[in-house]
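Subject: Structure handover

Hello,

Here is the structure for you to take over. My notes on what was found in it follow below the entry.

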Amino acid sequence: MPETRDGLLSTFATPYAARITAHTDRVYSASYSEDGRLLATASADRTVRLWDVADPFQPRQLGTIGDSAGAVRAARFRPGGRVLVTAGADRTVRLWDLAEPARPRRLTVLTGHTANVTAVSFSRDGRLLVTGGETVRLWDITDLRAPKPAGAVPVSAGSVRSAELSPDGSLLAVTGPDNGTALWNVRDPAQPRRMSTVDGRSRSVFSPDGRLLATGDDRDYSPKLWDVSDPERPRRLSVLAGHTAAVNTLRFSPDGKLLATAGDDNTVLLWDVTDPARAPRIAALAGHTNTVYALAFSPDGNTLASGGGDRTVRLTDLAALPLADHADTVVSAAFSADGRLIATAGMDRTVRLLDAADPLRPRPLATIRQPDAVFTAEFSRDGRSLITASRDRTARLWDLADPARPRELSVLNGHTAAVSRAVLSPDGRLAATASWDGTVRLWDLADRSRPRPLGVAAGHSGGADSVAFSPDGRLLGTGAEDGVLRLWDVADPGRPRLVAAGTGHADSIGRLAFSPDGRHLATGSNDHTVRLWDFSDPRSPRTTAVVGGHSDAVYGVAFSPDGRRLVTGGQDRTVRLWEISDPGKPVEQGVLRGHSDGVTGAAFSPDGRFALTASGDHTVRQWETDVERAAARACALGHPRISRAEWDAYFPELDYRPPCP
């Protein structure tokens, strides 16, 4: 069934999550041990459950703490070891030794609160503990068996919703339902001093460096980021719009680059806070069917635990997040010929380089910053050079001998408008640049530090948007706003000669690509179609098929390495896979959904396993292109297997036949 096929191929468009289903009531809290091997989850079912998450896809329960007289509202590991603090509706705070997680050993019980204890946090050195309920109390727990009261922070009527210490232990953010989030100087815990108050009535959390504070709210539903480097004068940096209900919980990733937020809309949103003044949303994680109360990043930042009113904990693999952290539209994405590097280019004036040696976990290598928006970044065939095209009317060449430290070689000047596309010839001796000035220019790269202008291919009646060399380097294809495909003989690059012009598109040609054997060409257009061209005789190219399916402009077109498949991406936010063994009869093989804005570029990995797409949603996504491989990967990661009870609930008319062994 097409729907099943498309669902499988789109499975990893959003990060995979393993589920923990042992709790029998709401999950309020989650916390990782410092080594990342243990996860504690606290619930309204009066238990804290301890999990071995060394393999986050196969969590294994090790032990249970079940001596609470009421709901457990908070659980947190102390820095530096395996001591856990728990607190809840029984008005107590308990410290546990988890040296043997299967046999938790209670160290002490702290009393004094007169209402639910809903918040706990530690100083980085683990010597100061903060607990919040009807008031906020500070405890010296240097001696775990004999904690001492160290101070208290007065609060107005209503329970404290969070009480978070800054990483250096000098500031305390106290959040409650009445007065927002108050910042207190607690360098001397016995004499806390109120510094300021910011908006945010439901939750607050400090970034790992302590310079940012994130607050959540149950009124406008929008988390806020604050610069608290001067805590007496906090400065609001951004408002993160996206949630549709109250925000209950927030957490920064260990490296401080991501913020996770969640709440009553059952959704976890991830934000790139590298630039906290802009902070684009990079992912929305669905899956919970009720309010989300708990968030925790693993210490390595690779997994996010979330717990909620649906009684489940989800362990989300963040390695499957969108690949590049651009702050604006990503216009192109490309693999190097050996598949070990990925380059992405965006309207945020940057090019991002990623190490794709592990194709399932690409990692950032370097960021190239340019004076204006970057429309394309393409590798040389040997992977040692990169060419970029920019709105600043230039193309630039970069040395990638050390891809972690790209070095600018030269700037190609000459166009009088933005350069929309730049490519290198297969032998690396030429560059071609297409511009909105309507021309395509050729460049001699014998000395890459001093490119020499050669010929100009002119003739398009509008801006040139696309350009590509044929695999043998003898032909150049160009497309433009006039909707005409032009083929040029560039055997003499100083005098490019027009060989043929192909018509048929009713609007501009935004992308074109040659097939690996050089016999066919694909063009994507604003007329919502892709055309396949046969130019066995370059002097008279003919259309072999018009590929429909998209409902908006097509800006991504790429052939698979074997030439038997085509990937297309459109402004309709879909990515489509086509079987084109018979170029006259393309067959749709999949419709991939996951981008939240138009698709602006597409590429295949050199082994044909993955498709890479760029989008206006600021992300780059990598897709499995084979249904059986996607199914095998889903089964390998899937945990737990669907139970007979779940099967009967969802498929009552079918015999129990789990899809995974």
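**Notes on the model**

Tyr650 has a relative accessible area of 63%, over the 50% cut-off, so it counts as exposed. Together with Phe651 and Leu654, Tyr650 makes a nonpolar surface patch of about 350 Å². Please keep in mind throughout that this is a predicted model.

Strand β27 (residues 303-308) pairs with β26 in the antiparallel sense, over five bridges. In this pairing Ala296 stands opposite Ala305, and Phe297 stands opposite Leu304. The hairpin of β26 and β27 has five residues between the strands, and Gly301 takes a positive phi near 75° there.

β27 also pairs with strand β28 (residues 313-317), again antiparallel and over five bridges. Here Thr303 stands opposite Asp317. Four residues lie between β27 and β28 in their hairpin, where Arg311 in the turn has a positive phi of about 75°.

How many residues of β27 are buried? Six of the six are, so the strand is largely enclosed by the rest of the structure. In a regular strand the side chains alternate between the two faces of the sheet. In β27, Thr303, Ala305 and Gly307 point one way, while Leu304, Ser306 and Gly308 point the other way, and all are buried.

**Two buried residues elsewhere**

Ser166 is found in the loop between β14 (162-165) and β15 (171-176). Its relative accessibility is 3%, under the 20% cut-off, so Ser166 counts as buried. Leaving aside neighbours within four places in sequence, Ser166 is in contact with Leu171 and Phe206. Between the C-alpha atoms of Ser166 and Arg641 the separation is 41 Å, and these two residues are 475 residues apart along the chain.

His520 lies in strand β46, which runs over residues 520-525. With a relative accessible area of 13%, His520 is also buried, because the value is under 20%. Not counting residues up to four places away in sequence, His520 touches Ala513, Phe514, Ser515, Trp533, Asp534, Phe535, Phe559 and Pro583.

Regards

Conventions. Residues numbered from 1 in each chain as written. Predicted model: local features only at pLDDT ≥ 70, side-chain atom pairs only at ≥ 80, totals over all residues. Heavy atoms only, no water. Buried < 20%, exposed > 50% of the residue type's maximum accessible area, 1.4 Å probe, protein only. Contact = heavy atoms within 4.5 Å. Patch = residues over 30% accessible without salt bridge, like charges linked within 9 Å, V, L, I, M, F, W, Y side chains within 5 Å. Areas by Shrake-Rupley, 256 points an atom, 1.4 Å probe, with all protein chains shown as cover. Salt bridge = Lys/Arg side-chain N within 4 Å of Asp/Glu carboxyl O. Pairing = 2+ DSSP bridges.
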